[in-house]
Amino acid sequence: MTINETQDQIISEFALLDGDMEMIVFYIMELGQKLPEMKVGDKSELNEVKGCQSKVWMTAHLDNDGIYFQADSNTAITKGLVSILVRIFNGQRPEDILNADLYFMKKIGMERFIGTQRSNGFGAMIKQIKLYALAFKTQLAAN
Amino acid sequence: MATLLAPVLNIQKIREEFPILDQQVNGKTLIYFDNAATNQKPKRVIEALSTYYEKYNANIHRGIHTLAEKATRAYEDTRLAMQEFIHAQNPEEIIFTRGVTESINLVASSYGRAFLKEGDEIILSGLEHHSNIVPWQMIAEERKAIIKVITITPSGEIDLDHYRQLLSPRTKIVAVNHASNSLGTINPIKEMIGMAHEVGAIVLIDGAQASAHLAIDVIDLDCEFYCISSHKMYGPTGTGILYGKKELLEKMPPYMGGGEMIKDVSFAKTTYNELPYKFEAGTPNIADVVALKEAVGFINQLGKENIAAHEHELLSYATQKLASLSSVRLIGTASKKVSVQSFVIEGIHPFDIGQMLDARGIAVRTGHHCTQPLMESFGLDGTVRASFAVYNTEEEIDVLIDGLKRIIAFLNK
């Protein structure tokens, strides 16, 4: 699935929640609960995403030209939010991640339910993902 | 079934005085339990603000025209109202500041710079807000003074025996809060002030969490300084007072330079104005100061004892309901408290609880509440804090408890 196909899928899932804030929050947490467990040792300061109010850890590896992310957070909602990004970007090529336009955020009215502080944190997660993409792109070019 | 609340107050009628409460948040009726951060404003405060700007906005004290006179009188009337509110002896002992934080900074900076010497000691408690820690750290570093911290008991009370041990002739300043913002603990400040005086120390009280709930009598307390924020007592944001004993304030150098605080200025020498103006440099926050008088009027009209009685009922009700939830741990169980209850839920981060409650229109505070050392002493990085004001009801607490039950059920499934 392409980045945009996954975004469209997420948009239609959120549309079913009909703007009900409580349902949205519970749904986000449910998504987080489905995120594969991250190795305890990976939840280190080195892998911490800076700029989040909650603790967020992220690692990535390259497999067959696609990047795969592992992430976790100490709060359920943030874990849900990072799981959405993992779902969108997992398996995508560095180039596509770097060029991605994340229109789903506006379409699902994200800023309305995550607030300013979490918005900044979410921005930091996206930045971290793009940094990984840039690093792997450079690595691939060097090979 | 809700128990009968303090019958003296008609809470529904009081709620009508607060336009902000009548709204939907995330499709649900707003329940505002973040009163320890700031409480909401009654109509008379809001109207005083707009009336000031609509009818008599003018710069105070130096004008000879009618509007300036009217604005000056309104501003000074609030000083008298605050003097009466805390039973101070003289109006010039009431200095308008931006609030408690500025009041503490003023004292730390002005008094500290003039009187602290190397090796002098400042005693704080482990219950303090960062506002009553950082200004002292800054001046202690500058004057090479030493900060000592009173330990807190597991229930969240000041350990008076430890305080007694810390006091010595080296103690110059004791700075503690009247009531804790994180835990609600009401501290035995009168006793503590007496003990400090025995060793010749002066005492500053951070009254941020007390002004809307507890009777304040600075003469009876005999503290040297008492600090209040307007916005935590139904008044506007951005203003508050520093009460200081006149003889001390007179000895203290000005804190900021500018207009209003001077008598004569020449490039050779400036002479400073008298109290309280010496400490009120620049055009003050006139509108908010003027409206603060209405907040005092609101509290006086209801009666602080009546407000306290209602809030106490709410606190007891909430505490009992929260304690009945098996995974909830109450943080702060002192015997005397203002209407603040902190808690944590096993396995669920306070941020998640805060956001899930917000989705149901319930405003609580989550995090360290600007008391990181206190949180550390409890081994926590934060709590959920529900804090109640006179307009809150037991029915609202029921909605909170119901919301928490749903969260616990969802996340522990």
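Modeller: A cavity is a set of grid points where a 1.4 Å probe fits but cannot get out. Rolling a probe the size of a water molecule over the atoms shows where empty space is left. The model examined here is predicted. By this rule, 1 cavity of 30 Å³ or more is counted. The largest cavity has a volume of about 30 Å³. Its lining is formed by B:Asn35, B:Ala36, B:Gln209, B:His213, B:Val338, B:Val340, B:Ser387 and B:Phe388. Of these lining residues, 4 are nonpolar and 4 are polar, while no charged residue takes part.

Another part of chain B to consider is strand β4, which comprises residues 94-97. In a regular strand the side chains alternate between the two faces of the sheet. On one side of β4(B) are B:Ile94 and B:Phe96, on the other B:Ile95 and B:Thr97, and all of them are buried, with both faces of the strand covered. Strand β10 of chain B, residues 240-244, runs antiparallel to β4(B) and is joined to it by 4 bridges. Within this pairing, B:Ile95 has B:Leu242 as its bridge partner.

There remains the contact between the chains. Chain B contributes 13 residues to it and chain A 17 residues. About 1,500 Å² is buried between the two chains, and carbon and sulfur atoms give 56% of this area. On the side of chain B, B:Phe351, B:Gln355 and B:Phe410 supply 40% of the area that the chain buries against chain A, more than any other three residues.

Key:
Residues numbered from 1 in each chain as written. Chains lettered and ligands numbered in written order. Predicted model: local features only at pLDDT ≥ 70, side-chain atom pairs only at ≥ 80, totals over all residues. Heavy atoms only, no water. 1 Å grid on protein atoms, 1.4 Å probe; cavity = no way out; pocket = protein on both sides within 12 Å on 5 of 7 lines; lining within 4 Å. Points joined across faces, edges and corners; volume = space filled by probe spheres on them. Nonpolar A, V, L, I, M, F, W, Y, C, P; charged D, E, K, R; others polar. Buried < 20%, exposed > 50% of the residue type's maximum accessible area, 1.4 Å probe, protein only. Helix = DSSP H or I, 4+ residues; strand = E, 2+ residues; numbered from the N terminus. Pairing = 2+ DSSP bridges. Contact = heavy atoms within 4.5 Å. Buried area = accessible area lost by both parts, 1.4 Å probe.
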